[in-house]
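Please keep the viewer open while reading.

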Amino acid sequence: MEAPRVEASVLHQAGDHDDPKSPHAGVELTQVQDPPETSPSPGLPRTWSRPKKWTATLILSAFAFLQPLSETMLAPAQGPISRDLGIAQPYEWLLANSLILIGVGLSPLVLAPLSELYGRKPVLVAASVVFVVWNAGCGAAATVGQLLAFRLLSGFGASVADAVAGGFISDLWDAEERGRAFAIYMAAPLLGPALGPICGAFIAQGTTWRWIFYVTSIASGVVILISIPLLHETFEPRTREVLREKKDGQNNASTASPRQKVANVLKHMRIHLQRPLRMLGTQAIVQLLATYMALLYGTMFLFLFMYPLMWTERYGESTGIGSLNYLSFAIGLILGVNVAGHLSDRIYRRLRDRNHGVGRPEFRVPAMVLGTLLVPVGLLWWGWSGQARLHWIMPNIGSLLFAMGVYVCSGCVSVYTIDTYTQYAASAISTNLVLRSLTAAFFPLFAPYMFDALGFGLGATVLAGVFVLFGSLVIFTLWFYGERIRTRSPYCVTETP
């Protein structure tokens with residue numbers, strides 16, 4: 001059995017570090033992990049050719065685009081779905097939209113540490129199959145109860161690309177290249193929710209609403225088939241094990257008894273599955289960034305929930321035409337790719353050179369300032385121009401600026417997390433996914449009441465004010481105290497590219 005041997009090699013370096021009963025508990029990670037090699041061994045992910053790295057990154061990006069697409073595709077098909085399944089209460093429709101986000105929020109706590117135990121590829125493929133099956137089940141649902149159950153279950157597979165992305169990017173790319181690589185990857189999971197309503201509207205009008213689910217399942221199945229031959233394992237402990245076996249020409253079978261092997265597997269599973277919760281409970285940086293991302297994504301999904309209502313209620317557009325206004329949000333995300341990727345890496349390299357060639361995760365913070373300003377500016381522009389019913393281009397400009405801000409903030413936070421928790425990047429980012437998905441699920445529940453009471457202008461002002469205040473606090477803390485907080489963490493590793 002190869003997997004237990006991989007576990008043993010990984011946990012020999014990192015497992016006891018998480019065990020509170022271990023004599024190594026509390027020891028700095030740099031004391032228990034292998035020191036960084038100046039010239040990596042041939043065959044390891046960071047030595048791959050650039051085309052091979054980009055192929056792997058783009059395949060992961062394809063998973064991340066298709067699976068979140070299903071989170072927002074239902075919005076334009078509310079009428080047909082409600083009629084066919086007998087949805088009469090508003091909360092039932094809100095649950096149909098939001099339950100998938102519960103699964104998306106909780107599953108990274110399991111998927112991310114499993115990817116640090118068995119490798120990225122098997123977890124990515126297996127969870128994607130789970131999504132394909134239950135998402136197709138949503139299309140075959142005959143009752144609202146079946147739809148709700150299948151939506152929840154599909155969420156447990158829909159988050160896998162985001163759950164492993166932090167570790168995946170960390171495996172492949174050096175620190176000075178991660179900003180651009182993660183920016184290109186992040187275009188997919190953000191474009192998915194933005195383009196979902198457009199695709200859902202035209203699929204529902206051209207055929208039945210059930211094909212909204214069938215199309216995403218078929219497309220995800222195609223990506224799974226492509227990934228099997230073209231996507232290679234990137235988790236370094238596993239690739240080292242494979243290279244060692246090829247070099248030795250034997251399997252180096254373990255002499256442990258079957259009972260010992262089972263006990264080792266259970267111990268290692270317990271340690272790895274506890275890690276995200278342990279990090280969320282003990283790491284100040286993780287707590288700060290997870291709360292920041294939760295507020296960011298909760299605001300984004302609340303915005304996306306209210307977005308079609310502005311066009312149908314304030315501007316009197318049809319569902320199909322109104323959904324085209326999501327294009328401005330998508331364009332903002334695309335522009336954010338160029339801003340976040342190039343700007344983040346350029347600032348990082350410049351500050352690193354000024355710091356005598358020593359890189360720090362805090363060098364990602366200046367680019368984060370831009371995003372934290374764009375988010376409230378975009379919200380205010382969108383809300384007040386829509387409230388005044390100005391020309392339709394004005395709310396779209398606000399939507400574009402808001403989307404750019406969301407992308408820049410999200411990219412900077414994710415790369416900061418990867419730079420800080422390099423070996424445990426997947427577990428660290430999974431904590432962001434948990435809180436952000438839960439807020440994304442529950443924020444839209446009060447959106448109609450808040451905007452009905454305040455209107456689009458004041459509602460957007462409240463969201464903008466809360467975000468800019470908390471965002472400024474996060475930026476100040478990371479820039480002035482980030483390094484001091486990191487030095488106290490047993491999970492952090494200083495990488496000096």
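How many aromatic pairs does the structure hold? The structure holds 20 aromatic pairs. Rings of Phe, Tyr and Trp (its six-membered ring) pair if their centres lie within 6.5 Å; planes under 30 degrees apart are stacked, over 60 edge-to-face, and the rest tilted.

## Basis of the model

This is a predicted model: local features need pLDDT of at least 70, side-chain atom pairs count only at pLDDT 80 or more, and totals for chains, interfaces and linings use all residues. Residues are numbered from 1 along each chain as its sequence is written, and side-chain values use heavy atoms, with hydrogens and water left out.

## Overall fold

The protein chain has 20 helices and zero strands. Both are DSSP runs numbered from the N terminus (helices H or I, at least four residues; strands E, at least two). Of the 497 residues, 56% are buried. Buried means under 20% relative accessible area, exposed over 50%, partly exposed in between (1.4 Å probe, protein chains only).

Contact means heavy atoms within 4.5 Å. Among contacts between residues at least 6 apart in sequence, 85% join residues at least 24 apart. The accessible surface comes to about 19800 Å², with 65% belonging to carbon and sulfur atoms. These areas come from the Shrake-Rupley method with a 1.4 Å probe; for residues, only the protein chains shown count as cover.

## Aromatic pairs and charges over rings

A pair of aromatic rings is described by the distance of the centres and the angle of the planes. Tyr-348 and Phe-363 are edge-to-face, at 6.0 Å centre to centre and 70 degrees between the planes. Tyr-348 is in helix 17 (residues 326-354), and Phe-363 is in the loop between helix 17 and helix 18 (365-387), 15 residues apart. Tyr-348 is buried at 1% relative accessible area. Phe-363 is buried at 5%.

Trp-382 and Phe-456 are also edge-to-face: 5.8 Å centre to centre, 90 degrees between the planes. This pair links helix 18 to helix 20 (residues 425-487) across 74 residues. Trp-382 is buried at 1%, and Phe-456 at 7%. Both belong to one aromatic cluster, whose members include Phe-303, Tyr-307, Phe-329 and Phe-402.

Arg-364 lies over the face of Tyr-348, 4.2 Å from the ring centre. The charged end of Lys-53 sits over the ring of Trp-173, 5.2 Å from its centre. The criterion is NZ of Lys or CZ of Arg within 6 Å of the ring centre and within 35 degrees of the ring normal.

## Nonpolar core

The largest nonpolar core has 128 residues. Such a core is a set of buried Ala, Val, Leu, Ile, Met, Phe, Trp, Tyr and Cys residues joined through side-chain atoms within 4.5 Å. Ile-81, Met-300, Phe-329, Trp-382 and Tyr-407 touch the most other members. Not counting residues up to four places away in sequence, Met-300 touches Leu-190, Phe-329, Phe-402 and Val-406.

## Buried polar residues

Asn-135 sits in helix 8 (residues 120-139). Its relative accessible area is 0%, so Asn-135 is buried. Its side chain makes a polar contact of 3.0 Å with the side chain of Ser-217. A polar contact is a pair of N or O atoms within 3.5 Å; within protein, one must be able to donate a hydrogen and the other to accept it, and residues adjacent in sequence count only if both atoms are side-chain atoms. Asn-135 and Ser-70 are 65 residues apart in sequence, yet 8.3 Å apart C-alpha to C-alpha.

Ser-328 lies in helix 17. Ser-328 is buried at 9%. A 3.3 Å polar contact joins the side chains of Ser-328 and Ser-399.
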